[in-house]
Every structure is written in C-alpha cells, then in structure tokens.
Amino acid sequence: MNDHLVIFDTTLRDGEQSPGASMTKDEKLRVARQLERMRVDVIEAGFAAASPGDFEAIHGIAQAIRDSTVCSLARANENDIRRAGEAIRPARSGRIHTFIATSPIHMEKKLRMTPDEVLDAAVEAVKLSLEYTDDVEFSAEDAVRSDMDFLCRVFEAVIRAGAKTINVPDTVGYSIPSVWGERMRSLIERVPGSDKVVWSTHCHNDLGMAVANSLAAVLGGARQVECTINGLGERAGNASLEEVVMAVRTRSDIFPVATRIDTTQIVPASKLISQITGYPVQPNKAVVGANAFAHESGIHQDGVIKHRETYEIMRAQDVGWTQNKLVLGKHSGRNAFKTRLADLGIVVDSEEQLNIAFARFKELADKKHEIFDEDLQALMSDEAFTPEQEHYKLVSLRVCSETGETPHARMTLAVGGGESQSEAHGDGPVDACFKAVERIADSRASLLLFSVNSITGGTDAQGEVTVRLARDGRVVNGQGADTDIIVASVKAYINALNRLVSKPEKVNPQV
Ligand code: KIV
Ligand code: ZN
C-alpha cells in the first residue's frame, strides 16, 4: 500500500504574493471551489491578518468548502493567530499554519530575536492555535539556511506543544535535490516524536528546482507537499502542483505515495488561475502548457499514431486536456447557461447578477456563434467586481485606425456616479485608447505589461488581454476579454485601474 501524500495548495496565499496576482473575494472563492473539485487535501486560503479583505475571503471559503481542509497562515504572534482562528471557524475541517523564521540571518536581521526567543514564540504560537483547532501546522521559515541542531530543537518543542504537521521550507529556493532529500531524512531521524507528525516540504523555484527538491523530500520521508497551480508564487514561484502530482503518479515505481487528486481537473484549474491572475502559462510548461502534448516532428507524430506510448508518458485526457467543449450558442436558454456555470463551479449569488451575466452572454453569442467553457470563464471574470467596486466602466468607444493616419480614440467612461468623455491620438489604436482613459483617470500608473492571447481557436475567438500597472510600489493586473481586441484592451486597462483604486493595502506575512 502506498502512503497518502497530502497535497497542500497555497495558490491563494503564496501564489497571491506574486506581483499583481491579488484576487477579489469572488475570484478566490471560484479558485477554492475548483481546488475542492480537484480534491486538494488542504487549501491555504490566505493570510487572515493581511487585511479585512483577506480575512473575509478565508471566512467565505471556510463556509463554502466541505471536502478540503481550509487553512489560514499566521505569523507566530497572538493577533495573527486569533485572526486566523476566527477566519477558519466555519470550516468543516480547519487548520492554522503558523510560522517563524529560524535561520541566523532572518532571526538577527529581520526578527531581531535570539534563538531562544524564537523557540519560545514558536511553542506559544502552536499552543494558542490549539485553542481554535487541533489541526496545527508549524513552519520554520528559511529552514534551508537554518542550523540543523537548532531546527531539531524547535521541531521537537513544537511537536511536544501539539503541532500535527511540520513544514520544512526552502524559502529562498537555494537547495538542490540530493541535499534537500537528505535534510528531510535526517530531520525525521533525529527529531524525537517525528513519527507522530506529518512532515511537509515547501520549496521555491529560484534555481528552477522547486519540484525536484519537493520530490526529493518525498523520497526522504515527507508526506505533504506545499505547491501552487502553474507554480505561481513569490519571485520565481513555488513547486507546481500539476508537476508534483503527475510525477508521483507517473513514476509510482519510484515514489511510494499516492495522492487523491482528480487529475482531470488539472488543466481547468490551470486555465482558471491563468485567467484570473493574468499570468499566462508558457507553451512548453510541463503538463499544462499548450504544447505539452503536441508532437511537431514527423518522426514523433508517426510514432504516436502507431503507438501513443512511443513518445507520451502521460495521457492528455488524464490531466484534463479535452477538445474545446462546445457548450452553448445563441439559442441556449437561461437555465442551460446557469447549469453550465454551475458545472464550471461558478456560483451566481443573486438573480440580478445572473440576469446581467445572461444578457452579456447573449451579446457575446450574437458576435460569436460557438461559446466554449473558456469563453464563459472569461465572461464571468468580467463580473468579478460588484458595481460598488467598479469605479470606472467602459460605456462606449470609437477608434479610427487607417494606414497613413494617426490612430484616434474617443470614449465615454462611467466614473463613480457620472460619465466622462475623452479623446486622444496615439502611436497605435491601443495607445490612443489608453491615453484617452488616462485623460479621465489621471492615475499616473506606469504600464508594466500588455499581453494579448486568444481564448479559443478561430478568427472569431475572444481576445484576452492582460494589463499590469504599477503605482507607488504597488502592482496590479487587469484582464479584459472581447471579440474585439481593442475593446478587450480597454477593459483590461480599466479593470487594472479598478483594482488600483479599490484594493486595500495588505501586509505581506514574510516582510
Ligand atoms: O516560503 C516560505 O517559507 C513560506 C512560509 C510562510 C511557509 O511561504
Ligand atoms: Zn513560500
């Protein structure tokens, strides 16, 4: 019998720490529902003390999710732990994940605490967390650069205090597989009480080895891997969930573990995260990249036609690559629309929201005869803001672009309660539009990224645009989708502006 490998997804917490990847409460709920559908064991839903918005999102997820444990991160202090405990209170199964740094550099320069103070804080944090749940995880931040003897002391003490999961993070992505696997093996061997807890690993990808290190830790005895969809996360990201899960499944001859993940939900989860965060998936990304199962060379194609396994070690359909599913068309009714949304895990809270979304679906179906799941996801992403959060909204747009002429845009935006008009020339039609928006918004934000992708195939496909804006050190991503890519671009720009004006500041747990 293989051991169970706990899959702990931290897309909504560490993933959300990627620049501009912050999500609204509704978006987080959609992601959490998809993670539950994928049968993730633990969903780290956020860091409750970061902001009231983060607290609300975790609380909402704890109310909605029934089949996965819902977890909140908390630094090792009273306020964070109480916030985390309150946030997960409605969960059927809730966990507090408390952490403190244990490396000399973090203790001295960041925490300004002695090792003994850190040890005491760790023990107190675990004890306090136990007032809220008996499922308490403890992490030694920067374990990779921590002294082994000190790590053993801290882990022994927190196990004695009642922690059930001990997480060993490579916070800065510094390790290599042989060393990381050995470190896990040696901790399990040396720490008294190690057989009473689940050992976990949490690896960052700074040297491109997060997945390899996580897998080495599994071979060393870890039975929980912390990971994210598409490898999203701080800096170069975290270990990617899809790669870890498919590696242990495909090489079950090497890994003595099995997960409970429904792998057919992997690609839908990847697309959802990419769409919500605006982080595209590189085409050659393992498992979820568009080319992961595409065979270009004639020899490979010939081989796969004769016998698939000549060049394929996994089946595309096992990870959820299906043909784009034609779901709805212009004659589809309200019920079919609502049912398909439910199948995709999109819950529409009110009749009013459903009416608005259905009207927009009909508009889209007039322009584009075949509506795919991806189109519905994009349509509903546009609905992510409640009207109160939507400070700017596109009312109308007219763009002139002609060879030999300078492109010109004229537009009307709804701003707060009223409407404003503006016009501008630009180097291209998109440039003219963005200038016209800025004449109204005057955000003084700088444009870091502008990218256009097509959501499905065909020339009538919707274009999906991501815009990344930065202001005063804050970075936000905006998305927009439309069959007209100029309109999609303006929607994306406005979406980013709405995030800039509406998102409250929040604390990063590790800074
Ligand atoms: O990378 C890290 O060390 C973390 C901890 C908070 C677990 O994200
Ligand atoms: Zn991390």
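Visitor: Is Lys506 buried, exposed or partly exposed?

Guide: Please keep in mind that this is a predicted model. Accessibility is read as a relative area, where buried means under 20% and exposed means over 50%. Lys506 has a relative accessible area of 32%, so Lys506 is partly exposed.

Visitor: With which residue does Lys506 form a salt bridge?

Guide: The partner is Asp54, and the closest N and O atoms of the pair are 3.2 Å apart, which is within the 4 Å that a salt bridge requires. Asp54 counts as buried, because its relative accessibility is 6%.

Visitor: How many salt bridges does a search of the whole structure find?

Guide: The search finds 39 salt bridges.

Visitor: What does a salt bridge inside one helix look like?

Guide: The general idea is that an α-helix has 3.6 residues a turn, so residues three or four places apart point the same way. In this structure, Arg160 and Glu156 both lie in helix α6 (residues 148-161), four residues apart, which is about one turn of the helix. Their closest N and O atoms are 2.7 Å apart, and the two form a salt bridge. Arg160 counts as exposed at 63% relative accessibility, while Glu156, with a relative accessible area of 25%, is partly exposed.

Visitor: Which residue forms a salt bridge with Glu351?

Guide: Glu351 pairs with Arg334, and their closest N and O atoms are 2.9 Å apart. Since Glu351 lies in helix α13 (residues 351-367) and Arg334 in helix α12 (residues 334-343), the pair ties together parts that are 17 residues apart in sequence. Glu351 is partly exposed, with a relative accessible area of 48%, and Arg334 is also partly exposed, at 32%.

Visitor: Which residues are joined into one network by salt bridges that share partners?

Guide: Glu16, Lys28, Asp54 and Lys506 are joined in this way.

Visitor: Let us turn to a helix. How many of the 12 residues of α10 are buried?

Guide: The count is 10 of the 12, so α10 is largely enclosed by the rest of the structure; the buried residues include Ile266, Val267, Leu272 and Ile276. Helix α10 (residues 266-277) reaches 16 Å from its first C-alpha to its last, close to the 16 Å expected at 1.5 Å a residue. Just after α10 comes Gly278, which takes a positive phi of about 80 degrees.

Definitions and conventions. Residues numbered from 1 in each chain as written. Chains lettered and ligands numbered in written order. Predicted model: local features only at pLDDT ≥ 70, side-chain atom pairs only at ≥ 80, totals over all residues. Heavy atoms only, no water. Salt bridge = Lys/Arg side-chain N within 4 Å of Asp/Glu carboxyl O. Buried < 20%, exposed > 50% of the residue type's maximum accessible area, 1.4 Å probe, protein only. Helix = DSSP H or I, 4+ residues; strand = E, 2+ residues; numbered from the N terminus. Expected span 1.5 Å × (residues − 1).
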